[in-house]
Amino acid sequence: MANVNAYLSFNGNCEQAFNFYKSAFGGEFTYVGRYKDMPMPPDKKLPDSEKEYIMHVELPIGDGTAIYGADMSSVFGKVTAGDSIAMCVNVSSEEEGKHIYKKLSEGGKIIMPLEKTFWADLYGQFTDKFGVQWMINLSKK
């Protein structure tokens with residue numbers, strides 16, 4: 001069964017924001033990854049000033065619930081008001097992920113096709129026909 005978590009995007013201050021959220025919710029980060037640790041697409045070059053940016057951070061805030069976050073690198077674009085939050089659906093099977101991705105992305109705009117990545121067994125991102133951003137994620141690890 002899928003669960004849904006909010007994914008927050010920032011323009012370089014994700015670490016500061018998540019330390020603030022951690023002070024409110026308590027707990028520990030279950031993952032912190034930086035852009036310097038990410039394999040970059042061959043046609044992209046990460047500026048030195050963004051190597052320490054947060055690529056992905058997870059903070060559990062309750063039973064099965066977490067907030068996720070990342071800085072938006074200039075390589076991939078900037079965050080603007082209205083697109084700083086996405087719904088991240090963590091699925092329990094490839095079949096479930098493909099079904100949800102196909103149904104919710106119908107009539108929308110694909111940002112990243114559903115495929116295996118270096119961080120997930122299956123991941124895809126899109127904006128639905130109502131303008132809501134979605135991420136579908138399957139991680140068997």
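Two strands pair if DSSP finds at least two bridges between them, strands being DSSP runs of E with at least two residues, numbered from the N terminus. The model is predicted, so local features need pLDDT of at least 70 and side-chain atom pairs count only at pLDDT 80 or more, while totals for chains, interfaces and linings use all residues. Residues are numbered from 1 along each chain as its sequence is written, and side-chain values use heavy atoms, with hydrogens and water left out.

Q: What makes β6 and β7 a pair, and what joins them?
A: Four bridges link β6 and β7 in the antiparallel sense, and pairing requires at least two, so they qualify. One of the bridges sets M112 against Q125 in β7. A hairpin of six residues leads from β6 to β7.

Q: How do you know that β7 (residues 122-127) and β8 (residues 133-138) are paired?
A: Six bridges connect these two antiparallel strands, and because the requirement is at least two, they count as paired.

Q: Why are β2 and β6 called edge strands?
A: The open sheet has eight strands in the order β2-β3-β4-β1-β5-β8-β7-β6, with mixed pairing. Both β2 and β6 (109-115) pair on one side only, which is what makes them its edges. From one strand to the next the twist averages 20 degrees, with axes fitted as lines to C-alpha atoms and angles running from 0 to 180 degrees between N-to-C directions.

Q: Why is R34 called buried?
A: A residue is buried under 20% relative accessible area, exposed over 50% and partly exposed in between, using a 1.4 Å probe and protein chains only. The value for R34 is 16%, so R34 is buried. R34 is found in strand β2 (residues 31-34).

Q: What makes the approach of R34 to E15 a polar contact?
A: The term covers N or O atoms within 3.5 Å; within protein, one must be able to donate a hydrogen and the other to accept it, and residues adjacent in sequence count only if both atoms are side-chain atoms. The side chains of R34 and E15 make such a contact at 3.0 Å. The R34 side chain also reaches the backbone oxygen of E52 at 2.6 Å.

Q: How do you know that β7 is mostly covered, and which way do its residues point?
A: Six of the six residues in β7 are buried. L122, G124 and F126 point one way, whereas Y123, Q125 and T127 point the other way. In a regular strand, side chains alternate between the two faces of the sheet.
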